[in-house]
Amino acid sequence: RHHHETRSKYGFKNIIGQTPSMRRIFEQSRQVAKWNTTVLLRGESGTGKELIANAIHYNSARSSGPFVKLNCAALADNLLESELFGHEKGAFTGATSQRKGRFERAHVGTMFLDEIGEISPAFQAKLLRVLQEGEFEHVGGNQTIKVDVRIIAATNRDLEAEVELGNFREDLYYRLNIMPIYMPTLRERIDDIPELASFILANISQQQQCALSITESALRLLMRYDWPGNVRELENMLERAAIMSGNGIIDRDAIIQSGINETSPILNPADAPAVASMNLSDPELDERERVIAALEQTGWVQAKAARLLGMTPRQIAYRIQTLNIKVRRL
């Protein structure tokens, strides 16, 4: 029963994404889950690589085995070696007993090596041997240990460039890059934002024991932002906005107070269909949004936007100034 609960918790159904780019990720991940192939998850920080790694493991034949993860960037080489391969008693100062490494603990399961692009060339050689032969020795030991472990690695680095520069071993790159899966940025899946926001707010309200909701105008503002920090940035911003809202209703002002404003990086009008196709006579729109939407739809030509809104050029210029709208140069 516990296994079934874990599987349903980490399955693909729990990862939000209706956009074509996310549907493609689910399809690739479901296919590769059936195999023992090494997977390399690629993409910016905060795009959900660990969620996909979990889902691949729990939908694979190894799902009843352990899922062991390690952030390679978090440890220095000597600690990384002991952590992954284990050590013998007395192998170094402080090694008071024998210790199994994570590879041993991951036997018949899956090992998730996060930030694989951060490891040193010296350690890359040691890792390559385990991936090729499935064997290693404890630090300070001479007995060869064999393991059966499936590898899922993740990186936000351009490994091809690192290979060119000599920072990353080419043979290890080919060993890892058998099945690359490229995670889309939040900027590439703007239409998932309403669903993501509602999921994140449900989590926050459960943790904080309070009711939270978000207005349409707040969502529209979130859908126009460029999201350099991806889903993690969205989570942080919504938590700040929830705090700023005071009453649990996250409106446009709470979003602005939490860090998005007109000086923030904004998507090109072509990338922001939600704004470009906005109905200007929608009574839900406040005046500022209506003026911005008209400007977006006319490529920020003030005279054209004024015509759309039934204003004179002088009236729209006055509103741009009083409503503190930052004019975009396209």
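Q: What share of the contacts between residues at least 6 apart in sequence joins residues at least 24 apart?
A: In the protein chain that share is 70%, where a contact means heavy atoms within 4.5 Å. A word on the source: this is a predicted model, in which local features need pLDDT of at least 70 and side-chain atom pairs count only at pLDDT 80 or more, while totals for chains, interfaces and linings use all residues. Residues are numbered from 1 along each chain as its sequence is written, and side-chain values use heavy atoms, with hydrogens and water left out.

Q: How many helices and strands does the protein chain have?
A: There are 16 helices and 9 strands. They are DSSP runs numbered from the N terminus: helices are H or I with at least four residues, strands are E with at least two.

Q: Why are both faces of strand 1 called covered?
A: Buried means under 20% relative accessible area, exposed over 50%, and partly exposed in between (1.4 Å probe, protein chains only). Val-39 and Leu-41 on one side of strand 1 (residues 39-42) are buried, and so are Leu-40 and Arg-42 on the other, so both faces count as covered. Across the 330 residues of the protein chain, 48% count as buried.

Q: What makes strand 1 and strand 6 a pair?
A: Two strands pair if DSSP finds at least two bridges between them. Strand 1 and strand 6 have 4 bridges in the parallel sense, so they meet that rule. Strand 1 is also joined to strand 7 (residues 179-182) by 4 bridges, again parallel. Arg-42 has Thr-155 as its bridge partner in strand 6 and stands opposite Tyr-182 in strand 7.

Q: How do you know which residues line the largest pocket?
A: On a 1 Å grid over the protein atoms alone, a pocket is an open set of points where a 1.4 Å probe fits, with protein on both sides within 12 Å along at least five of seven lines; lining residues have an atom within 4 Å of a point. The largest pocket holds about 860 Å³ of space. It has 32 lining residues, and the closest to its centre are Gly-48, Glu-50, Leu-51, Arg-232 and Glu-235. Elements giving two or more residues to this lining include helix 3 (49-58) and helix 11 (230-245).

Definitions and conventions. Points joined across faces, edges and corners; volume = space filled by probe spheres on them.
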